[in-house]
Amino acid sequence: WDAKFQQLLAYKQANGDCFPSVMSTGETPTLARWASAQRTHFRTGKIRADRREQLDAIGFIWDKIEADWEEGCQAFLSTPNFL
């Protein structure tokens, strides 16, 4: 787990987010599967609290659809004269 977490940190530093794609090349597909497994553990209540805290601390995305929705809403609301 710790090795993959370190890979995720490196991925975030290089890409600016914590959502590796399975469509990427190199180590990213295995990292993406690991990240997906963490989301599954979270949804099923099986993730350890210390691991969740570590992932939260680096801005791990638990729900991509919700994150995209929030980002879109913020962009819309920050647009001048949006009404």
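Author: A residue is called buried here when its relative accessible area is under 20%, exposed when that area is over 50%, and partly exposed in between. By that cut-off, buried residues make up 23% of the 83 residues in the protein chain, and the model from which this value was computed is a predicted one. The chain exposes about 5900 Å², of which carbon and sulfur atoms supply 55%.

As for the overall layout, the protein chain has 4 helices and 0 strands, so that reading along the sequence gives the pattern α-α-α-α. The C-alpha trace spans about 45 × 30 × 20 Å along its principal axes. Among the contacts in the chain with a separation of 6 or more, 41% are between residues 24 or more positions apart.

Now to the pair of helices itself. Two packed helices are described by the angle between their axes and by the distance between those axes. Helix α1 covers residues 2-15 and helix α2 covers residues 28-43, and their axes come within 10 Å of each other while crossing at roughly 115°. Because angles from 65 to 115 degrees count as roughly perpendicular, α1 is described as roughly perpendicular to α2. The crossing of these two helices is left-handed.

On the α1 side, the residues that take part are Lys4, Phe5, Gln7, Leu8 and Tyr11, and they meet Thr28, Thr30, Leu31 and Trp34 of α2. Sorted by class, this contact of α1 with α2 has 5 nonpolar, 3 polar and 1 charged residues.

Lys4, which is found in helix α1, deserves a separate word. The C-alpha atoms of Lys4 and Met23 are separated by 18 Å, the two residues being 19 residues apart along the chain.

For a view beyond this helix pair, one can turn to Arg52, which lies in helix α3, made up of residues 49-57. Arg52 is likewise partly exposed, its relative accessible area being 36%. Leaving aside neighbours within four places in sequence, Arg52 is in contact with Phe42, Ile47 and Trp62. His41 is 11 residues away from Arg52 along the chain, and the C-alpha atoms of these two residues are separated by 9.7 Å.

Key
Residues numbered from 1 in each chain as written. Predicted model: local features only at pLDDT ≥ 70, side-chain atom pairs only at ≥ 80, totals over all residues. Heavy atoms only, no water. Axes fitted to C-alpha atoms, helices over the stretch in contact; angles between N-to-C directions. Parallel < 35°, antiparallel > 145°, perpendicular 65-115°, else oblique. Left-handed = near helix turned anticlockwise from the far one by under 90°. Contact = heavy atoms within 4.5 Å. Nonpolar A, V, L, I, M, F, W, Y, C, P; charged D, E, K, R; others polar. Buried < 20%, exposed > 50% of the residue type's maximum accessible area, 1.4 Å probe, protein only. Areas by Shrake-Rupley, 256 points an atom, 1.4 Å probe, with all protein chains shown as cover.
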